[in-house]
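Take a look at the model below.

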Amino acid sequence: MKPTRVDRILDDWAAVANAARRPATPPRPVAVRTGFPMATLAGATAIVLAVAVAGVWLGRPTSDASVGSSPSVAPQPTSSTLTAAASPEPTTAPTTAPSTAPSTQPTPSPTPRPTIGPCGLQSLAAHITLWEGAAGSRIAHVQLTVVRGGPCEVATMPTPQLVDRHGVVLIQGTRPPAGPDIKMASGDVASTLVEVGDYCGPTPSFPLSVAFVFGDGVRIVATPVSANDTTVPPCNSSPGTPGTIDMHPWAR
Amino acid sequence: MAIAESTEIAYERAYEVHWTDVFRFALAWTNDWTAAQDLAQDAYLRLWNHRARVDWTRPVLPWLLVTTRRLATDRFRTLSRRLLSPTHAETVDADPALRSRWLDVSAAMGQLSTLERTALVMTALEGATYEEAGQILGTTAGALRAAVSRARTKLEAAS
């Protein structure tokens with residue numbers, strides 16, 4: 001019997017669908033890589049020293065802001081200008097300090113408040129579940145999972161970054177307004193969407209991912225959607241134009 | 001430890017055995033190559049996250065397909081306002097012939113609603129009964145029969 005048009009379409013559909021290649025390994029959430037953007041011992045040492053100096057200079061012990069303590073005091077940066085510097089420099093100070101806090105080098109990252117706690121950073125794993133194409137941009141679906149320990153309280157609005165496979169920042173976001181914390185128990189999953197556009201730099205080292213810098217400098221780098229992923233936001237401007245990156249608050 | 005290892009083996013086996021089924025289901029649902037690949041991976045991530053609660057003695061494919069459908073529904077509800085047309089032209093690997101073929105067939109299948117397209121593929125290609133497909137798609141066998149009939153009519157009528 002002569003195949004109908006429907007049969008032909010279905011045959012074609014099946015033939016094309018069968019050509020899909022399964023990724024070699026099944027997906028699993030991978031432990032979160034953490035570290036400061038510069039990822040160097042010198043950078044870490046400088047940050048620690050800067051925090052210590054700032055604490056002494058402001059006349060209060062730095063131990064007040066230890067990770068894991070209750071986030072009872074909302075951060076209020078002493079500077080109104082936030083730059084897009086990639087490396088955190090702890091120049092802001094707790095709001096209860098004198099109003100003469102240094103503000104010549106404001107940065108988007110540091111605040112005195114611990115933004116992940118009481119669980120440790122090792123309790124959290126972030127991964128990109130998919131990249132979505134959108135109008136001139138790409139949208140990363142990201143999940144944050146409490147993989148062990150808990151409970152965790154996580155600031156819902158960290159500063160997003162687009163990073164390459166080595167964690168090098170390609171697009172730096174600006175710090176969003178402070179939002180409420182999200183409370184997560186062990187096994188809970190929070191999700192967000194990160195929209196990235198206008199990457200007009202050189203060809204990056206794939207796969208790309210997104211990182212989240214919390215107010216106290218803690219940084220979580222999400223696992224890429226796959227090891228061979230080559231998603232990159234399209235450049236809609238001239239070369240060298242800074243890209244854009246924005247995120248929704250973490251939500252369960 | 002033994003349970004964890006056996007669960008891991010079961011998960012990997014489910015990936016090897018059913019990934020193509022999940023991808024084809026996602027492709028039928030979305031008519032978008034990239035989205036289907038992403039959905040299949042996301043469905044397996046969900047399976048991994050739920051592996052401790054999954055009854056591995058029972059077939060896992062229905063769970064994967066229902067999860068894929070729910071993920072697709074949630075995803076498009078969230079992003080529908082920001083999405084442009086599907087990106088299949090740039091993603092069907094690097095085979096020009098395959099890409100061309102996919103463009104033709106996806107254009108034809110794009111005339112159908114999501115339910116019509118998925119119901120047609122599941123029953124005509126995957127060999128599912130209307131009852132089985134109805135359980136996956138969250139609707140009745142009668143509704144699927146009607147959807148498949150509409151799908152065939154639309155495809156036959158298209159020039």
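In strand β10(A), A:Ala211 is the bridge partner of A:Gln161. This is a predicted model. The pairing between β6 (residues 159-163) of chain A and β10(A) is antiparallel and runs over 5 bridges. β10(A) also pairs with β11 (residues 219-221) of chain A, again in the antiparallel sense, over 3 bridges. There, A:Phe212 stands opposite A:Ile220.

| Strand paired with β10(A) | Sense | Bridges |
|---|---|---|
| β6(A), residues 159-163 | antiparallel | 5 |
| β11(A), residues 219-221 | antiparallel | 3 |

β10(A) and β11(A) form a hairpin, with 5 residues between them. One residue of the turn is A:Gly217, which has a positive phi of about 90°.

Which way do the residues of β10(A) point? A:Ser209, A:Ala211 and A:Val213 point one way, and A:Val210 and A:Phe212 point the other way. In a regular strand, side chains alternate between the two faces of the sheet. Both sets in β10(A) are buried. Because 5 of the 5 residues of β10(A) are buried, the strand is largely enclosed by the rest of the structure.

A:Cys200 sits between β9 (189-197) and β10 (209-213) of chain A. Is A:Cys200 buried, exposed or partly exposed? It has 17 other C-beta atoms within 10 Å. A residue needs 20 or more to be buried, and 12 or fewer to be exposed. So A:Cys200 is partly exposed. A:Ser237 lies 37 residues away from A:Cys200 in sequence, yet the two C-alpha atoms are 7.1 Å apart in space.

Now turn to chain B. It has 7 helices and 0 strands. Of its 159 residues, 41% count as buried. Take contacts in chain B between residues at least 6 apart in sequence: 63% of them join residues at least 24 apart.

At 1.5 Å a residue, its 17 residues should span 24 Å. Its end C-alpha atoms are 24 Å apart, so the two values agree. This helix is also well covered: 14 of the 17 residues of α2(B) are buried, so the rest of the structure largely encloses it.

What holds the middle of the picture? In soluble globular proteins, nonpolar side chains tend to be buried together. The largest nonpolar core here has 48 residues, and B:Val22, B:Ala26, B:Ala40 and B:Ala119 touch the most other members. Helix α1 of chain A supplies at least two residues of this core, and so does each of the helices α1 to α7 of chain B. α1(B) gives the most, with 10 residues. Domain 1 (1-91) and domain 2 (111-159) of chain B each give at least three residues.

Leaving out residues up to four places away in sequence, B:Ala119 touches B:Ala133, B:Leu137, B:Leu144, B:Ala147, B:Val148 and B:Ala151.

Finally, the two chains meet. Here 27 residues of chain A are in contact with 34 residues of chain B. On the chain A side, α1 (5-18) and β3 (124-134) each supply at least two residues. α1(A) gives the largest share, 9 residues. By type, the chain A side divides into 19 nonpolar, 3 polar and 5 charged residues.

Technical notes: Residues numbered from 1 in each chain as written. Chains lettered and ligands numbered in written order. Predicted model: local features only at pLDDT ≥ 70, side-chain atom pairs only at ≥ 80, totals over all residues. Helix = DSSP H or I, 4+ residues; strand = E, 2+ residues; numbered from the N terminus. Contact = placed C-beta atoms within 7 Å. Nonpolar A, V, L, I, M, F, W, Y, C, P; charged D, E, K, R; others polar. Expected span 1.5 Å × (residues − 1). Pairing = 2+ DSSP bridges. Core = buried A, V, L, I, M, F, W, Y, C linked by C-beta atoms within 7 Å. Domains from an automatic or database assignment.
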